[in-house]
Amino acid sequence: MDDRLGEGLGTVPRAERPLELDGSLLTMFAADLRELRRKAGSPPYRELARRSHFSSTTLSDAAGGRRLPSLDVTLAYVRACGGDVEQWERQWRAAAAELHTCSPVDDEGDDQPAPYVGLRAYGPDDAAMFFGRERLVDDLVARLARQRFVAVFGPSGSGKSSVLRAGLIPQLGGIVLCFTPGPHPVEECAIHLARVTGDLPGRVHTELAGEPRALHRFVRQALATEPAEAEIVLVVDQFEELFTLCTDKQERERFTTLILTAASVPRSRCRVVLGVRADFYPHCARLPELVEALQDAQVTVGPMAPDELRRAIVQPAVQARCAVENSLLATLVTQAHGQPGALPLFSHALLQTWFRRKGHTLTLAGYQATGAFDGALANTAEAVFTGLDEGGQTIARDLFHRLVTVGEDTEGTKRRIGADELGDDPALADVVAQLVQARLLVQDHGGLELAHEVLIKAWPRLAGWLAEDGDGLRAQRELTEATAAWERHDRHDTALLRGTRLAVLTDWANRASAPNSKERAFLDASVAAEHREQAAKKRSIRQQRRLIAVLTVLLLVAATATIYASNAEKRAVLERNTALALGVTSQVVELSQTSPSLAAQLSLAAYRLAPTPATRDSLIAMSGVTSKAVLQSGAATASAIRGSGQAFLVGDLERDRTILWNKNQDDLSLGDLPGGVEASMSDDGMVATIDRENRVHISDATELKPPTEMAILPGTYGHALVSPNGRLLAAAETIREQTSTASPPIWTLNGTVRIWDLADPRRPHQTGTLNAASLRSFAGSEALATSPHLGPVHPALDSNSLRVLADSKSIKLWKLSATGEPFSATELLPSGSPRVDLYFSSHGKLAVTKKSDYETMTVWDLHDQLQPTQRAPSNIGVRGLTAAHFSKTDQLVALGSAGEVLVQDIRINHTLTRISLPGRQGVVKALAFGDNDRSLVGITSGPGVETYAWRWELDPETAAAAVCKDQKVSIRPAEWEAYFPEVKFQSPCP
């Protein structure tokens, strides 16, 4: 039989440790498990772990023969090996029962008391059997003779209580009061103090609770008739209960003050010794008085040295006239040495070995039969628990829940419960009797507690209960304390629970079935009281509603008159404010020419006063006034905007140059381009300009830096357009021919449009030629032109862009290949149609037209070029369009004309914003929506006026921020009064 180490490649077999078949029950049980595994084919323990969901180490230990495995582990091992589960469960229970039953000894030893105490601490009556801690006890006696306060710290299970009770107290003599704090430490102190003073405990408690020196006075009173050197020693064991069981912070501090004052005041006749679990040292550090007292008063209880362990093992046996096998002594010392907190396990294993002694000798075989050092306690607890029926097991689980307190940041600690909390259930009494007989619990003077806290960690089943139901433990503790408070107040209704706390505890009690009879009575009384209060509350609410109904009728008459008057006043104020705001709005356009700052602030104030469409449009217009910038001192012969306003092109005919501006860097001029007659720019920055000699220059301005001239087209042209994607260039040369000598003469316009591929802008090459009079616009890689000579209509539909060509009274849609070869498509407007202004969206799927002499606008849907459709025309109140631009979402279109800009929602044919330009600003030459369509940029120019770049914020709040951004002088109260009389002054830009 072997197991395997590691996983995957490189695993090597490891032989299973042979069993020493000494005839003990544990080795025989382990041998049977190994035989079962052999019959199953000797599967590796890793395979058994996979089948059983227990670790391979746990399963290997189960067959190790050192301790009896738990029932769950045993049955999982059996299932993984394909054994008979029922037969093995019977075998396990028989083994557990046999291990729990004391082995028979000879007649002489039947009535001999055990020299070991097991889990419980050694007490004063056990002093004769207490060995191994002589040096520590002598040190404590000497320390206590020198100083009046000593604190003994040690981990749980290190033997602190035994040192204090069986070591220190028997050597002190005189009056010693030894107690644990419990949930009410001042009360506990009063009860023990009353035994020596002869006073009633109630009176002593009242005095202790009221004055810090009260304990000092009671000590002196008790020693009044004693010799001057007589003193009282207070030994407060398990001092950590001050933090785990006492929930009253004030009582905790009061008790600490009492004992420290009694030990430190002049003429003190009291000495104090504390026994504290080491992991509660941080809790002690939270009490300033205690921190100061601990500075040089600490004694640490550490692990026992090997010689001390030998004395603790051998001397009690000697006192009982028994011997200890050398092999057992060596094993015990080896296993216990250097194990902090292991003394209760050590003592329990010795007690169980005593019960299995052979004659007058404690043997290694008897020790191994108990489950050894780390298994004896778990085996004992498991054997008692599994020996109970199902009802008894439920009672035992609820009982252990009551006997343990789980802290937020500390390990579980034991909790003492009184007879009143236990109740008088016979079934519970039977379970308690069995647990006490097994020395797992200690019962005296009507109280019950764990024999030692080590049971919490040493018994896996108990540790599992506590880990899986921490909230239930806290709920049970809260219910127990609330029930006790109810009993102390003679079951008065004021001490009952209500609301959320009652709901939570009732729900837990119904699920856990753990409350005792008093707790159940408390919950029932709380529920009944809450039902009574709810019923009374409902009656009160019904009465209140009837009264409110009467009052409501009475108040309605008065309220109606008040509301009517208030509403009339509000309407009057609103009408006044609206009239004032509209009056100011009509003045700000003209005022902006002389005082733009004042006009902008007035427009914002008007909007805040009455946020109407007119005041909103005025505010948006003023956001452009405050941010406009001069691009050129004279009129621009050409203009264009790149993308959403990153760059502007402005043509200067006088210098025959075109200037490129960067609007993102404070209107920085990036440089000049040749030609100032006409300019066109793609979305990515490819530029075509025409100079006075009608030559077409191609320049690269794709990066926001000085542009680079790439090429000059051969020939001369009157118009040139770059497609929005920068791939194509259309250039038109128009020829006028006089076809009649009549006066005035009649001209025929003929021309040629040449299409160039700009894949390599340094070497453009011509890809197509069309007869056309002039160019109008690209749409994506589509172009627009007017032409008196129509080519063959033969549309070849594919994914290429549309080319739009038209004569002066017709519009024709042409299709272009990727490199610009044209194909005739269809007529958008037939020959003879009125002259229209036409603009395309950037991708060419939408267009807007407006007849020159009409104020209506039509939107075209060109997704199907063979069947373009018109949407319902809308009246926009503008006769001539000079610029248009679609938003990126195709939901909005901006329209420019002479002195005015409109933003139209083409989905619903509705004007969203109408922006009036102040004074003589010329006409709008170009428009573009900014990022997210929340702003609009434009260029205006005209004869005799400067060329401006504008930015209008279309969101009112953003426009307000723009208006206030650069305002250095705020509107004055006098100016405010002139425009907004009777309105309280409030600066628009705080």
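These legends go with a handful of close-up views of a predicted model.

**View 1. Helices α21 and α23 where they cross.** Here α21 covers residues 390-402 and α23 covers residues 426-437, and the two pack at an angle of about 75 degrees. Their axes sit 10 Å apart. Angles of 65 to 115 degrees count as roughly perpendicular, so that's the label for α21 and α23. On the α21 side, the contact takes in Gly-392, Ile-395, Ala-396, Leu-399 and Phe-400. Facing them from α23 are Ala-427, Leu-428, Val-431, Val-432 and Leu-435. Sort this contact by class and you get nine nonpolar residues, one polar and no charged ones.

**View 2. Helix α21 by itself.** How far apart are the end C-alpha atoms of α21? They are 19 Å apart, which agrees with the 18 Å that 13 residues should span at 1.5 Å a residue. As for burial, the list for α21 reads Gly-392, Ile-395, Ala-396, Asp-398, Leu-399, Phe-400, His-401 and Arg-402. A bit of helix geometry is handy when looking at this view: with 3.6 residues a turn, residues three or four places apart in an α-helix point the same way.

**View 3. The hairpin of β21 and β22.** Strand β21 (residues 686-690) pairs with β22 in the antiparallel sense, with five bridges between them. Ile-690 is found opposite Val-696 of β22. Five residues separate the two strands of this hairpin, and one in the turn, Asn-694, has a positive phi of about 65 degrees.

**View 4. Strand β22 and its pairing with β23.** Is β22 (residues 696-700) largely enclosed or open? Four of its five residues are buried, so β22 is largely enclosed by the rest of the structure. Strand β23 (residues 708-712) also pairs with β22, again antiparallel, over four bridges. Look for Ile-698, whose bridge partner in β23 is Ala-711.

**View 5. A four-stranded open sheet.** The strands come in the order β38-β39-β40-β41, and the pairing is antiparallel. At the edges are β38 (883-886) and β41 (910-916), each of which pairs on one side only. From one strand to the next, the twist averages 15 degrees.

**View 6. Zooming in on β38 and β39.** Four bridges link β38 with β39 (residues 892-897), and the two strands run antiparallel.

Conventions: Residues numbered from 1 in each chain as written. Predicted model: local features only at pLDDT ≥ 70, side-chain atom pairs only at ≥ 80, totals over all residues. Heavy atoms only, no water. Axes fitted to C-alpha atoms, helices over the stretch in contact; angles between N-to-C directions. Parallel < 35°, antiparallel > 145°, perpendicular 65-115°, else oblique. Contact = heavy atoms within 4.5 Å. Nonpolar A, V, L, I, M, F, W, Y, C, P; charged D, E, K, R; others polar. Pairing = 2+ DSSP bridges. Expected span 1.5 Å × (residues − 1). Buried < 20%, exposed > 50% of the residue type's maximum accessible area, 1.4 Å probe, protein only.
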